[in-house]
Amino acid sequence: MYVCVCHAVTDRDIAQAVADGASSMRDLRERTGVAGTCGRCAQCAHACLKEASAAKAKTITLFRTEPNLSVA
Ligand code: FES
């Protein structure tokens, strides 16, 4: 879905920006332009940022390897 009409930014664009390292609204604005003109999309963009960040953290946790607990 379109989040920012002014810059044609979708929720997928935001998820990709988060996957590429964006972690704040400033990062998103610099990468996509979201909320950089009228600002009406800021609240929705922030919600998408939080959702994408949570999904990214969950994915990282799922793929994290178990620590080596062997004793020499
Ligand atoms: S709708 Fe995003 S800056 Fe206007």
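Guide: Begin with a pair of helices. This is a predicted model. In it, the axes of α1 and α2 come within 10 Å and cross at roughly 110°.

Visitor: How are α1 and α2 placed relative to each other?

Guide: Angles of 65 to 115 degrees count as roughly perpendicular. Therefore α1 and α2 are roughly perpendicular to each other. Their crossing is right-handed.

Visitor: Which residues in α1 and α2 meet?

Guide: From α1 come Asp13, Ile14 and Ala17. They meet Leu28, Arg31 and Thr32 of α2.

Visitor: And how do I describe a helix pair in general?

Guide: Two packed helices are described by the angle between their axes and the distance between those axes. Take α1 and α3 as the next case. They pack at an angle of about 50°, and their axes are 9 Å apart. That makes α1 oblique to α3. This crossing, of α1 and α3, is right-handed.

Visitor: Which residues of α1 and α3 meet?

Guide: On the α1 side they are Asp11, Ile14, Ala15, Val18 and Ala19. On the α3 side they are Ala45, Cys48, Leu49, Ala52, Ser53 and Lys56.

Visitor: Let me step back to the whole chain. How many helices and strands does the chain have?

Guide: Three helices and two strands. Along the sequence the pattern reads β-β-α-α-α. The chain has 72 residues, and buried ones make up 24% of them.

Visitor: What share of the contacts with a separation of 6 or more is between residues 24 or more positions apart?

Guide: The share is 51%.

Visitor: Next, the nonpolar core. Which residues touch the most other members of the largest core?

Guide: This core has 15 residues. Val3, Cys4, Ile14, Leu28, Val34, Ala45 and Leu49 touch the most other members. The elements giving two or more residues to this core are β1 (2-4), α1 (11-19) and α3 (42-63). Of the elements, α3 gives the most, with four residues.

Visitor: Which contacts does Leu28 have beyond its neighbours within four places in sequence?

Guide: Leu28 is in contact with Ile14, Ala17, Ala22, Val34, Ala45 and Leu49.

Visitor: Let us turn to loops and backbone angles. Where is Ala8, and what is its phi?

Guide: Ala8 sits in the loop between β1 and β2 (9-10). Its phi is near 50°, a positive value in a residue other than glycine.

Visitor: Is Ala8 buried or exposed?

Guide: Count the neighbours again. Ala8 has 12 other C-beta atoms within 10 Å, so Ala8 is exposed.

Visitor: And where is Ala35?

Guide: Ala35 is in the loop between α2 (25-32) and α3. Its phi is also positive, about 65°, although Ala35 is not a glycine. With 23 C-beta neighbours inside 10 Å, Ala35 counts as buried.

Visitor: What about Gly36: where is Gly36 found?

Guide: Gly36 is in the loop between α2 and α3. Its C-beta count inside 10 Å is 16, so Gly36 is partly exposed.

Visitor: Which residues does Gly36 touch, not counting those up to four places away in sequence?

Guide: Gly36 touches His7 and Arg29.

How values were computed. Residues numbered from 1 in each chain as written. Predicted model: local features only at pLDDT ≥ 70, side-chain atom pairs only at ≥ 80, totals over all residues. Core = buried A, V, L, I, M, F, W, Y, C linked by C-beta atoms within 7 Å. Buried ≥ 20, exposed ≤ 12 C-beta atoms within 10 Å, placed from the backbone. Contact = placed C-beta atoms within 7 Å. Axes fitted to C-alpha atoms, helices over the stretch in contact; angles between N-to-C directions. Parallel < 35°, antiparallel > 145°, perpendicular 65-115°, else oblique. Left-handed = near helix turned anticlockwise from the far one by under 90°.
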